[in-house]
Amino acid sequence: MINSRQKGKRGELDLVKFLKTLGFPDARRSQQYCGADSDADVVCPDTLPHLFIECKFGVQGFDFGTKKMSDAITQMVDDASAKNLRPILFFKKTKGVWISVIPMSSFTYVLYLERDIKIMLLSMNDRNFLI
């Protein structure tokens, strides 16, 4: 039987590594520091302080249009709103690529961030893409 906490930790560490390759050296797991359920899974306190980053990794049946996806987005938006942060969801199937789901309010923030500080947030190739 697969330990979901261990799988979640693996996913968060993989996402941290991915974010670091994109130029966010301060990316880290937040659970290792505080452990509160309503906190973001991954944080970049210096480079992306206004984002609430949620991570889903290897979840069976987690895809667009499913109840699991809808519930995760709702929970993420609620948690982020309570902290006055902009939510972004990253998910990856076990042997897949990282995919992001961004509400429009967060997307516009990301566009301004890129324009203002000249950082390309996502690599637009066939391996990693923005949805």
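The following conversation concerns a predicted model of a protein.

Student: How many helices and strands are there in the protein?

Tutor: The protein has three helices and six strands.

Student: And in what order do the elements run from the N terminus on?

Tutor: The order is α-β-β-β-α-β-β-α-β.

Student: What share of the residues is buried?

Tutor: Of the 131 residues in the protein, 40% are buried. The protein exposes about 7900 Å², and 54% of that area comes from carbon and sulfur atoms.

Student: What about contacts, then: how much comes from residues 24 or more positions apart?

Tutor: Such residues supply 52% of the contacts that have a separation of 6 or more.

Student: Changing topic, how much space lies in the largest pocket?

Tutor: The largest pocket holds about 550 Å³ of space. It is lined by 23 residues, and those closest to its centre are Glu12, Asp41, Glu54, Cys55 and Lys56.

Student: Which elements give two or more residues to that lining?

Tutor: They are α1 (4-21), β3 (51-57) and α2 (67-82). The element that gives the most is α1, with six residues.

Student: And how do the lining residues divide into nonpolar, polar and charged?

Tutor: Twelve are charged, six are nonpolar and five are polar.

Student: Two of the residues you named were Glu54 and Lys56; what do their side chains meet in?

Tutor: They meet in a salt bridge, with 3.7 Å from N to O. Glu54 is buried, because its relative accessible area is 13% and the limit is under 20%. Lys56, at 26%, is partly exposed.

Student: How many salt bridges does the structure hold?

Tutor: The structure holds six salt bridges. One of them joins the side chains of Asp14 and Lys92 at 2.8 Å, N to O. Asp14 belongs to helix α1 and Lys92 to strand β4 (residues 86-92), so this pair links distant parts of the chain, 78 residues apart.

Student: Is Lys92 buried or exposed?

Tutor: Lys92 is buried, with a relative accessible area of 16%.

Student: Which residue forms a salt bridge with Lys83?

Tutor: That residue is Asp39, and the closest N and O atoms of the pair are 3.3 Å apart. Asp39 counts as buried at 17% relative accessibility, while Lys83 is partly exposed at 37%.

Definitions and conventions:
Residues are numbered from 1 along each chain as its sequence is written. This is a predicted model: local features need pLDDT of at least 70, side-chain atom pairs count only at pLDDT 80 or more; totals for chains, interfaces and linings use all residues. Side-chain values use heavy atoms; hydrogens and water are left out. On a 1 Å grid over the protein atoms alone, a cavity is a set of points where a 1.4 Å probe fits but cannot get out, and a pocket is an open set with protein on both sides within 12 Å along at least five of seven lines; lining residues have an atom within 4 Å of a point. Grid points are joined across faces, edges and corners, and a volume is the space filled by probe spheres set on the points. Helices (H or I, at least four residues) and strands (E, at least two) are DSSP runs, numbered from the N terminus. Ala, Val, Leu, Ile, Met, Phe, Trp, Tyr, Cys and Pro count as nonpolar, Asp, Glu, Lys and Arg as charged, and the others, Gly among them, as polar. Buried means under 20% relative accessible area, exposed over 50%, partly exposed in between (1.4 Å probe, protein chains only). Contact means heavy atoms within 4.5 Å. Accessible areas come from the Shrake-Rupley method with a 1.4 Å probe; for residues, only the protein chains shown count as cover. A salt bridge is a side-chain nitrogen of Lys or Arg within 4 Å of a carboxyl oxygen of Asp or Glu.
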